[in-house]
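My notebook is open, and I am starting with a ligand before moving on to the chain contacts.

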Amino acid sequence: MDEKLLMKGNEALAEGAVRAGCRFFSGYPITPQNEVPEYLSWRLPEVGGTFIQAESEVAAINMLYGASACGARVMTSSSGPGISLKQEGISYISGANLPIFYANVMRGGPGLGNIAPSQGDYFQATRGGGHGDYRVIVYAPNSVSEMGNFPKRCYDLAEKYRIATMVLTDGLLGQMMEPIEFDFEPVDPAKLPEKDWALGNAEGRERRVIRSYDLRPGYLEKMTLKLAEKYKEIEEKEVKFEAVQVEDAEILLVAYGTSSRISKSALMLGRKEGIKIGLLRPITLWPFPSKIISDLSERIKKILTVEMSLGQLVEDVKLAVEGKAKVYLHGRPSGGIPTGEEVLEVIKKIMKS
Amino acid sequence: MEKKVFERTKGLTEILMRYCPGCGHGVVHRLVGEVMEELGITNRTIGIAPVGCSVFADEYFNCDMIQPAHGRGPAVATGIKRVRPDCIVFSYQGDGDLASIGMAETIHAAARGERITIIFVNNAIYGMTGGQMAPTTLLGMKSTTTPFGRDPRVAGYPIKVCELLATLEAPAYLARVSVHKPANVLKAKKAIKKAFQVQMNDQGFSLVEILSQCPTDWFVTPLQGIDFVEKMMIPFFPLGEYKTIEGKKETVKPEPKKVLETV
Ligand SMILES: Cc1ncc(C[n+]2csc(CCOP(=O)(O)OP(=O)(O)O)c2C)c(N)n1
Ligand code: SF4
């Protein structure tokens with residue numbers, strides 16, 4: 001535990017996953033997440049795990065489907081274009097109630113886009129992303145330290161609820177170096193509770209079947225309503241957020257990941273000038289911290305979302321606010337990165353309006 | 001005294017199969033079931049059902065089963081085998097599943113030499129979706145999307161999977177058989193057994209392609225279906241073994257103990 005390390009965000013993510021018990025990774029190279037598979041290609045064999053460079057993201061996620069069905073703690077990672085391909089498998093995995101962990105180190109889109117940091121995959125992450133009615137738990141770190149420590153949270157939730165979990169981050173957090181301290185003891189996967197649904201040797205038990213389909217009329221609806229119960233419980237119990245100086249705030253910033261750091265610097269600059277700025281940072285993007293935002297909007301009448309996308313997070317904020325406050329957007333898509341000064345200018349304009 | 005001469009194999013469940021009359025899938029299921037039983041591996045086998053007419057294979061095979069996306073069987077099998085090298089893993093797939101949408105997964109699992117067995121049912125048509133052209137549909141053959149017969153100028157040529165995979169280094173066993181006549185059924189069973197044994201002996205990747213009848217979507221009677229396999233399919237898809245190896249192939253080799261300890 002105690003040791004302080006200096007790591008790149010992507011490496012922290014990979015090391016954090018291994019310490020959290022990950023023993024199977026399959027993925028396909030894409031910038032800006034290549035440090036993850038590169039790191040795991042030597043690190044996983046060290047702990048007796050499996051690393052596979054798959055022929056495509058489609059294959060990678062389906063390898064995860066198989067490995068997870070056998071009870072292993074599994075991981076894949078990619079960036080937007082690859083995550084799009086993985087949506088097929090993520091939908092099947094969600095329908096089949098399997099626990100997996102994956103990361104999207106976002107780059108600029110749409111299309112091939114660019115390799116600059118971006119947050120354009122918010123909708124894709126928080127709305128399920130593939131076909132059908134399902135949700136994925138989404139953690140959004142804003143430091144290398146959180147990059148390393150969130151995989152553990154994700155695995156625990158993934159197995160508790162038998163659900164897909166992900167870290168949604170971007171190229172900036174993936175590439176930068178910061179000190180990190182792991183806040184948990186390394187997990188020995190052999191000591192985890194036995195999974196009474198996992199495939200394997202059927203000696204002495206009923207055979208098990210894992211599937212995401214039911215063609216009998218009415219049955220699939222029941223299956224999906226079961227998913228809904230699980231999602232409801234998660235929405236009630238698993239919301240995480242950070243609130244900064246909201247007590248006396250007259251304007252509230254809402255931002256996650258990289259843009260929450262930028263927003264924090266705008267907050268500090270503005271406070272120096274006497275502008276009462278607060279910040280609400282969703283740590284889980286789904287489940288979304290709607291309640292706290294709704295509560296704050298009773299009192300704070302100006303809310304500004306800051307995001308590195310055209311206006312995606314802002315929709316969830318508006319849904320939470322339900323018209324009780326005015327919601328503004330400062331969005332920079334496709335690799336545009338706002339600065340603290342830039343955000344402060346926007347804040348000043350809003351305060352004058 | 002009455003003597004029992006025939007019984008249901010314990011490799012299959014009691015559930016009644018819902019295949020059309022004259023369909024080859026049921027025969028292939030039975031052969032795989034018998035082979036699992038005879039090799040004593042039913043309990044430690046994990047099967048993968050395809051998307052296709054045999055999507056319900058997860059109800060029929062009497063072992064642990066998983067049902068993945070269309071064509072992804074070999075990738076799912078890879079994930080399973082790497083985590084459970086002590087288990088026998090097979091992926092059951094149709095021609096659309098394996099040679100069209102899942103071709104990349106098929107070739108790469110074979111090229112890596114994954115220690116899995118693929119049961120590939122080639123009926124030259126998309127059965128489940130109602131008879132569209134498959135990657136194995138013969139030239140001139142009618143389907144609902146080649147209503148005038150497959151024309152190579154429009155739809156290209158059918159793919160010979162065994163021949164294609166035989167160009168790769170890693171596969172340990174590749175064979176093409178059929179189930180249209182009793183003698184062929186017996187040979188098919190031998191090949192399927194050998195494919196599973198290759199996996200049990202840790203020799204490498206194995207695949208058995210089985211030419212199979214789909215009278216429904218060929219729009220013929222079951223008897224005509226048998227004729228079609230004999231006269232049209234076999235000349236284009238010659239039966240036989242396309243690759244066999246002695247000993248073991250140096251390919252991916254999960255270490256059973258280590259991986260298991262950590263699961
Ligand atoms: C991604 C995706 N595309 C298309 C389908 C529709 N589909 C279901 S089965 C099938 C073809 C099955 O044909 P084949 O693999 O030859 O098996 P058969 O039914 O002949 O046994 C198709 C196209 C699907 N389920 N998923
Ligand atoms: S449609 Fe063809 S492949 Fe499908 S069950 Fe009927 S005969 Fe068999």
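I listed the residues around ligand 2: B:Tyr19, B:Cys20, B:Cys23, B:His25, B:Cys53, B:Asn123, B:Cys214, B:Pro215, B:Thr216 and B:Asp217, each with a heavy atom within 4 Å of the ligand. This is a predicted model, where local features need pLDDT of at least 70, side-chain atom pairs need 80 or more, and totals for chains, interfaces and linings use all residues. Residues are numbered from 1 along each chain as written, chains are lettered from A and ligands numbered from 1 in the order written, and side-chain values use heavy atoms, without hydrogens and water.

I sorted this shell into six nonpolar, three polar and one charged residue (Ala, Val, Leu, Ile, Met, Phe, Trp, Tyr, Cys and Pro are nonpolar; Asp, Glu, Lys and Arg charged; the others, Gly among them, polar).

Next I turned to the interface. I found 39 residues of chain A in contact with 37 of chain B (heavy atoms within 4.5 Å). On chain A's side, I noted 23 nonpolar, eight polar and eight charged residues.

I looked up the buried area too: about 3,100 Å², with 58% from carbon and sulfur atoms (accessible area, 1.4 Å probe, lost on putting the two parts together, summed over both). A:Glu55, A:Arg207 and A:Tyr213 supply 21% of what chain A buries against chain B, more than any other three residues.

Last, I counted four salt bridges between the chains (a Lys or Arg side-chain nitrogen within 4 Å of an Asp or Glu carboxyl oxygen). One of them joins B:Arg72 to A:Glu88, with the closest N and O atoms 2.8 Å apart.
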